[in-house]
Amino acid sequence: MRDAPATPTTALLRRLNAGAVLDALRGARAPGSGAVGGAMTGTEVMAATGLSRPTVHTVCDALIDLGWVREAAGGEETARPGRPARRYAFDARAGYVLGVDLGAHKVTVVLADLVGTA
């Protein structure tokens, strides 16, 4: 008798969804400069990840609580009625990376945020 294939648990799905949202937000480009760190609307995150609107907002709210994502200020103003779209951005200051190179005659140390800004 064969074992049934494992079904994903709710916790696993949350982690996978959070990873997909973080990947999308980390790769977002700032308008004009093209630099990493731009904000995305919920609709843009939905398009990038394939997740539903409620899932995107739930995941983003959880990532905001954890400090990995921040809610960005509104982008370009439009004449559309209704409330403005929520915009999310990866918070590169959520952690730092330290690189150390121990050479024969010198030591080099570099500290960078999570998008690589030294």
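Predicted model: local features only at pLDDT ≥ 70, side-chain atom pairs only at ≥ 80, totals over all residues.
1. Let's start with an arginine. R86 is partly exposed, at 29% relative accessibility.

2. Which residues pair with R86 in salt bridges? One partner is D61, with the closest N and O atoms 2.6 Å apart. This pair links distant parts of the chain, since R86 sits in the loop between β2 (69-72) and β3 while D61 belongs to helix α3, 25 residues apart. The other partner is E71, where the closest N and O atoms are 3.2 Å apart. Here too distant parts of the chain are linked: E71 is in strand β2, 15 residues from R86. D61 counts as partly exposed, with 31% relative accessibility, and so does E71, with 43%.

3. A search of the whole structure turns up three salt bridges. Through shared partners, D61, E71 and R86 are joined into one network.

4. Is each end of the R93 and D91 pair buried or exposed? R93 is exposed, at 58% relative accessibility, whereas D91 is buried, at 14%. D91 lies in the loop between β3 (87-90) and β4. Setting aside neighbours within four places in sequence, D91 is in contact with G67, W68, V69 and R70.

5. Not counting residues up to four places away in sequence, G95 touches D113 and L114. The C-alpha atoms of G95 and G67 are 9.3 Å apart, although 28 residues separate the two along the chain.

6. Now for the overall layout. The chain has three helices and five strands, and from the N terminus on they run α-β-α-α-β-β-β-β. Of its 118 residues, 25% count as buried. Among contacts with a separation of 6 or more, 42% come from residues 24 or more positions apart.

7. How do the helices pack against α3? The axes of α1 (residues 10-26) and α3 are 10 Å apart, at an angle of about 85°, which makes α1 roughly perpendicular to α3. In this pairing, N17, A18, V21 and L22 of α1 meet T55, V59, C60 and L63 of α3.

8. Helix α2 (residues 42-49) also packs against α3 (residues 53-66): their axes come within 9 Å and cross at roughly 105°. These two helices are therefore roughly perpendicular to each other. The residues that meet are G42, T43, V45, M46 and T49 from α2, with R53, V56 and H57 from α3.

9. Finally, the surface. The chain exposes about 8500 Å², and carbon and sulfur atoms supply 56% of it. Y96, L98, V100, L102, V107, V109 and L111 form a nonpolar surface patch, with about 760 Å² of accessible area together. The elements giving two or more residues to this patch are β4 (96-102) and β5 (107-113), and β4 gives the most, with four residues.

Key:
Residues numbered from 1 in each chain as written. Heavy atoms only, no water. Patch = residues over 30% accessible without salt bridge, like charges linked within 9 Å, V, L, I, M, F, W, Y side chains within 5 Å. Areas by Shrake-Rupley, 256 points an atom, 1.4 Å probe, with all protein chains shown as cover. Salt bridge = Lys/Arg side-chain N within 4 Å of Asp/Glu carboxyl O. Axes fitted to C-alpha atoms, helices over the stretch in contact; angles between N-to-C directions. Parallel < 35°, antiparallel > 145°, perpendicular 65-115°, else oblique. Contact = heavy atoms within 4.5 Å. Buried < 20%, exposed > 50% of the residue type's maximum accessible area, 1.4 Å probe, protein only.
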